[in-house]
Amino acid sequence: MTWALYSKSKELVFIFGPVLHPWLMMIGFLLVSGEGINYICSVPGSWNLKKLVHLCLRGLALACRIFGIWTKFHRQDGIVANFYSLHSWMGLIYVSPYVA
């Protein structure tokens with residue numbers, strides 16, 4: 001993922017953007033966010049440590065989501081061209097409460 005951020009030529013992002021988007025959204029929504037929710041309930045330890053790990057995992061999940069959306073919209077088509085499907089509108093509605 002670091003090559004997509006620090007690449008001098010944006011061609012790699014255009015090629016791998018559609019491939020990275022589903023992986024990052026799946027990792028962000030299901031894996032890391034779910035682990036953050038499960039950690040606070042099921043792992044023994046002090047309450048402050050649980051909250052800190054929960055916050056870090058949820059922050060990592062949010063970063064994966066934002067980067068996944070960035071890879072989808074960072075194309076030659078532009079942002080408006082990606083909002084013609086129900087999938088894109090439902091994804092935007094689903095992500096917006098987490099960002100707020």
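Which residues form a nonpolar patch on the surface? Val19, Trp23, Met26, Leu30 and Leu31 do so, with about 550 Å² of accessible area together. Nonpolar patches join side chains of Val, Leu, Ile, Met, Phe, Trp or Tyr within 5 Å, from residues with over 30% relative accessible area and no salt bridge. Accessible areas come from the Shrake-Rupley method with a 1.4 Å probe.

This is a predicted model, in which local features need pLDDT of at least 70 and side-chain atom pairs count only at pLDDT 80 or more, while totals for chains, interfaces and linings use all residues. Residues are numbered from 1 along each chain as its sequence is written, and side-chain values use heavy atoms, without hydrogens and water.

The protein chain has 4 helices and 0 strands; helices are DSSP runs (H or I) of at least four residues, and strands (E) of at least two. Trp23, a member of the patch, is placed in helix H2. Trp23 is exposed, because its relative accessible area is 52% and exposed means over 50%. Of the 100 residues in the chain, 25% are buried, that is, under 20% relative accessible area.

The largest pocket holds about 270 Å³ of space. A pocket is an open set of points on a 1 Å grid where a 1.4 Å probe fits, with protein on both sides within 12 Å along at least five of seven lines; lining residues have an atom within 4 Å of a point. His21, Met25, His87, Ser88 and Gly91 lie nearest the centre of this pocket. Helix H4 gives the most to the lining, with 5 residues.

| Helix supplying at least two lining residues | Range |
|---|---|
| H2 | residues 11–42 |
| H3 | residues 47–73 |
| H4 | residues 86–99 |

Key. Grid points are joined across faces, edges and corners, and a volume is the space filled by probe spheres set on the points. Patches are made of residues with over 30% relative accessible area and no salt bridge: like charges are joined within 9 Å, nonpolar side chains (Val, Leu, Ile, Met, Phe, Trp, Tyr) within 5 Å. A salt bridge is a side-chain nitrogen of Lys or Arg within 4 Å of a carboxyl oxygen of Asp or Glu. Buried means under 20% relative accessible area, exposed over 50%, partly exposed in between (1.4 Å probe, protein chains only).
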